[in-house]
Amino acid sequence: MKIIIVTVGTKCDFYPALIFAAALKKYTQHEITLLTNETFRETVERHGLLFAKIRTDVTLVSKSPELKQVLAEGNTNKVTHTLAPVINKMFEDGRQDMLQECYGKDLIVCCPSSLTHCFTISEKHRIPLMVITTTPITPTEQHAHLIAPRMKRTRRQNMDTYKHFVRMFDSPERKRQYNQWREEIGLKAFENDLGPHALFYSVDIPTICLFSALSIGGKPSDWKPNVHLTGFPTNAPLNLFEEQVDKIWNNFSLNLKNLLFCLHLEVHLSPILRNKSSWLQTW
């Protein structure tokens, strides 16, 4: 099978994705392609994986003085407004690369930084989608969203922080731009004022969490079966790469390994295509 892993973030996104890709290659013998920026080409190819280039480079945003100022102020509400011009141009180029490189693949695996576009590309090409993340992005009453200010909250208030995240990143202007792109590639615009983040939270896409349950006080009881905690794979030096590959694979549950082998992938289409949470049939 042909699996493409899309990571447009910094090293925090790239190296866990690299280890995940290497584990798939070693234990499933699938053809694995990493779609990332030119910075990581040599590293990808050195580990025997296929490299595909994307023009989106989030490292440029992470080094920008605008972001440093926003983080220094501690006002996360300003992130979208301040960085919008830089991010919009960067992703206009990158999403076309994603659309082209994902064509003909059997499975898309994406990091949160590329989720909004891979969500639509999955629908366009009718390819199943899976998410890998090194931070908790699945809504829960147990703790607040990662970007929310640290303070004591009720369980309901914790859940409200995820709704705030959706409102912030699915702003009217971003939804307008996103729907315009969907129509350009032959898809219908999202209805009912929904954006890509709101839709992601409403369907049960397999989500692999590359971090320890201990880091979030135990796996939340309100997480659905499509969310898997595997432990953090990059807590050892990169010269112990093979050990990390083996570690992350050994931490996968049997159900998750069966999904990654994709023995019956053709019946597990994205829930967007069926308008129901058909991914739950795999667990």
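A disulfide is a pair of cysteine sulfur atoms within 2.5 Å. The structure is a predicted model, in which local features need pLDDT of at least 70, side-chain atom pairs count only at pLDDT 80 or more, and totals for chains, interfaces and linings use all residues. Residues are numbered from 1 along each chain as its sequence is written, and side-chain values use heavy atoms, with hydrogens and water left out.

**Exercise 1.** State how many disulfides the structure holds, and examine Cys 102.

*Solution.* Step one: the count of disulfides is zero. Step two: the cysteine sulfur closest to that of Cys 102 belongs to Cys 118, and because the two lie 5.3 Å apart, they are too far from each other for a bond. Step three: Cys 102 has 0% relative accessibility and counts as buried; buried means under 20% relative accessible area, exposed over 50%, and partly exposed in between, with a 1.4 Å probe and protein chains only. Cys 209, at 1%, is buried as well.

**Exercise 2.** Describe the order of the strands in the sheet and identify its edges.

*Solution.* Step one: helices (H or I, at least four residues) and strands (E, at least two) are DSSP runs, numbered from the N terminus, and two strands pair if DSSP finds at least two bridges between them. Step two: the open sheet has seven strands with parallel pairing, in the order S3-S2-S1-S4-S5-S6-S7. Step three: strand S3 (50-53) and strand S7 (227-229) each have a single partner strand, so one side of each lacks a neighbour in the sheet. Step four: as one instance of pairing, S4 (residues 107-110) and S5 (residues 129-133) share three bridges, and Val 109 has Met 130 in S5 as its bridge partner.
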